[in-house]
Amino acid sequence: MTDSAASDAAGPPAATTTEERLALEAWLDGDERGLELAYRRWGGMVHGLAAKAVGPVEADDVTQQVFLSAWRGRDGFDPARGPLGAWLVGITRRRVADVVRARPFTAEVPTTDDEMATADLTAWDAADSTDLITVYEELERIGEPQRTILLMAYVEDRTQKEIAELLDLPLGTVKTHMTRTLRRLRDRLGGEQ
């Protein structure tokens with residue numbers, strides 16, 4: 001039996017931890033505890049993504065909107081298409097995009113050191129946020145476990161060793177996935193070689 005046939009026969013992808021498995025089961029059953037468990041597991045990740053894109057003040061609102069929206073639209077979640085955490089990242093990306101689009105973007109470009117020292121650089125957050133949204137879109141296209149590995153490393157700030165232990169993968173596999181995926185992202189986003 002081929003790997004793809006085996007995975008089709010096995011059903012949706014398995015959650016990577018007991019905590020994720022419990023959250024997924026409760027979520028799929030419509031048990032409100034699923035919302036609590038999902039928030040406990042992925043709330044920090046969602047808030048971290050939002051904070052990097054829109055700042056800490058708006059990140060609280062975005063995080064709340066993400067989980068309320070996800071819970072209300074939980075019938076749209078299909079575990080066969082990907083893990084719950086990745087689905088929440090997609091919702092986060094869309095909420096962040098809404099917040100960024102709602103901001104006025106009228107920043108003057110500072111051209112001298114004096115202008116830079118006194119410039120209000122908050123308007124530049126929108127440009128940075130747009131770049132971050134592009135990264136989120138690319139992350140949604142990346143398969144598993146690469147997406148989870150990158151999110152754990154760069155959003156949850158976990159070491160490669162911690163990721164390997166949590167995902168029950170060899171450390172070398174985690175390192176290889178990170179290197180190849182970062183190279184792929186850089187190529188897709190037009191970064192320097």
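Glu 19, Glu 20, Leu 22, Ala 23, Ala 26 and Trp 27 of helix α2 are in contact with Arg 33, Gly 34, Leu 35, Leu 37, Ala 38, Arg 40, Arg 41 and Trp 42 of helix α3. Sorted by type, the residues of this contact are 8 nonpolar, 1 polar and 5 charged. Helix α2 covers residues 18-29 and helix α3 covers residues 32-54. Their axes come within 7 Å and cross at roughly 145°. The crossing of α2 and α3 is left-handed.

The structure is a predicted model. The protein has 10 helices and 0 strands. Read from the N terminus, the order of elements is α-α-α-α-α-α-α-α-α-α. Of the 193 residues in the protein, 36% are buried. Among the contacts with a separation of 6 or more, 59% are between residues 24 or more positions apart.

## Aromatic pairs

How many aromatic pairs are there in the protein? The count comes to 4. One of them joins Trp 27 and Trp 87: the ring centres are 6.2 Å apart and the planes stand at 80°, so this pair is edge-to-face. The cut-off for that label is an angle over 60 degrees. Trp 27 belongs to helix α2 and Trp 87 to helix α5 (residues 84-102), so the pair ties together parts that are 60 residues apart in sequence.

Another pair is formed by Phe 77 and Trp 87, with 5.2 Å from centre to centre and 45° between the planes, and this one is tilted. Phe 77 is in the loop between α4 (56-72) and α5, while Trp 87 is in helix α5, so here the linked parts are 10 residues apart in sequence. Ring pairs connect Trp 27, Trp 71, Phe 77 and Trp 87 into a cluster.

Is Trp 27 buried or exposed? Its relative accessibility is 1%, so Trp 27 counts as buried. Phe 77 has a relative accessibility of 7% and therefore also counts as buried. The limit for the buried class is under 20% relative accessible area.

## Charged residues

The table lists their accessibility.

| Residue | Relative accessibility | Class |
|---|---|---|
| Arg 41 | 12% | buried |
| Arg 147 | 12% | buried |
| Asp 61 | 45% | partly exposed |

Arg 41 lies in helix α3. Which residues does Arg 41 touch, not counting residues up to four places away in sequence? They are Glu 19, Glu 20 and Glu 156. Glu 19 and Glu 20 are also among the α2 residues that meet α3.

Arg 147 is in helix α8, which spans residues 146-154. With neighbours within four places in sequence left aside, Arg 147 is in contact with Ala 86, Leu 139, Glu 140 and Ile 142.

Asp 61 is placed in helix α4. Why does Asp 61 count as partly exposed? The relative accessibility of Asp 61 is 45%, and the partly exposed class takes in values between the buried limit of 20% and the exposed limit of 50%. Asp 61 and His 47 are 14 residues apart along the chain, and their C-alpha atoms are separated by 9.2 Å.

Note on methods. Residues numbered from 1 in each chain as written. Predicted model: local features only at pLDDT ≥ 70, side-chain atom pairs only at ≥ 80, totals over all residues. Heavy atoms only, no water. Axes fitted to C-alpha atoms, helices over the stretch in contact; angles between N-to-C directions. Helix = DSSP H or I, 4+ residues; strand = E, 2+ residues; numbered from the N terminus. Left-handed = near helix turned anticlockwise from the far one by under 90°. Contact = heavy atoms within 4.5 Å. Nonpolar A, V, L, I, M, F, W, Y, C, P; charged D, E, K, R; others polar. Buried < 20%, exposed > 50% of the residue type's maximum accessible area, 1.4 Å probe, protein only. Phe/Tyr/Trp six-rings, centres within 6.5 Å; stacked < 30°, edge-to-face > 60°.
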